[in-house]
Amino acid sequence: GKQYKDTMGEDMSPNDSYVVLQNSQLLCGVLDKSTLGSGSKMNVFFVILREYGEEAAAVAMSRLARICPYFLSNRGFSIGIGDVTPGRGLLNEKERLLNEGYSKCAEYIEEFKSGRLQTQPGCTADETLEAKVLKELSVIRDHAGQACFREL
């Protein structure tokens, strides 16, 4: 946790400013990112390395690496296929977006074939068609992503 200055100098601080481990048991404090792997010289593994040596630090890291999957399987979260399967509303929205977008792209292609496509400045008709179709497909993708965020 946060490094607090404890005025009483006690290990059992009410602010949990100290981490106390004894016989592989956490007696007080909080083991979080700042105490386990903050990159500073005050993390648990550096203290173990400094006080007890390389082998003890390696054993501590190994033990933590073995216990993490058990913790995550018991306390973590998981998602199933049902959590990410689109519902009827999302499928209908996707179909509507695709139909609208494809019809606009078909209009652009028809205008190009008939010579009615107004070219963009500095572009040929082919480049203009490509830019308009890519823009429309990008809009479809963005709107579909927004619909997914709303539904899932």
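Trainee: How do you know that the span of helix α5 (residues 88-114) agrees with what a helix of 27 residues should give?

Mentor: The expected span of a helix is 1.5 Å times one less than its number of residues, so α5 should span 39 Å, and because its end C-alpha atoms are 39 Å apart, the two values agree. Keep in mind that this is a predicted model, in which local features need pLDDT of at least 70 and side-chain atom pairs count only at pLDDT 80 or more, while totals for chains, interfaces and linings use all residues. Residues are numbered from 1 along each chain as its sequence is written, and side-chain values use heavy atoms, with hydrogens and water left out.

Trainee: Why does the span of α6 agree as well?

Mentor: The 27 residues of α6 should span 39 Å at 1.5 Å a residue, and its end C-alpha atoms are 39 Å apart, so the span agrees. The cover of the buried residues of α5 includes α6 (125-151), and α5 is in turn part of what covers the buried residues of α6. On α5 these buried residues are Leu90, Leu97, Gly101, Cys105 and Tyr108, and on α6 they are Thr128, Leu129, Glu136, Ile140 and Ala147. After α5 comes glycine 115, with a positive phi near 80 degrees.

Trainee: Why is threonine 128 called buried?

Mentor: Buried means under 20% relative accessible area, exposed means over 50%, and partly exposed lies in between (1.4 Å probe, protein chains only); threonine 128 has a relative accessible area of 0%, so it is buried. Leaving aside residues up to four places away in sequence, threonine 128, which sits in helix α6, touches Leu117, Gln118, Thr119, Gln120 and Cys123, where contact means heavy atoms within 4.5 Å.

Trainee: What makes α2 roughly antiparallel to α3?

Mentor: Helix α2 (residues 44-52) packs against helix α3 (residues 54-75) at an angle of about 150 degrees, their axes being 7 Å apart; axes are lines fitted to C-alpha atoms, for helices over the stretch in contact, and angles run from 0 to 180 degrees between N-to-C directions. Angles under 35 degrees count as roughly parallel, over 145 as roughly antiparallel, 65 to 115 as roughly perpendicular and the rest as oblique, which means that α2 is roughly antiparallel to α3. On the α2 side the contact is made by Phe45, Ile48, Leu49 and Tyr52, and on the α3 side by Glu54, Ala56, Ala57, Ala60, Met61 and Leu64.

Trainee: How many disulfides does a search of the whole structure find?

Mentor: The search finds zero, a disulfide being a pair of cysteine sulfur atoms within 2.5 Å. Cysteine 68 counts as partly exposed because its relative accessibility is 35%, and cysteine 123, with a relative accessible area of 28%, is partly exposed too.

Trainee: How many helices and strands does the protein chain have?

Mentor: There are six helices and two strands, following the pattern β-β-α-α-α-α-α-α along the sequence; helices (H or I, at least four residues) and strands (E, at least two) are DSSP runs, numbered from the N terminus. Of the 152 residues of the protein chain, 15% count as buried.
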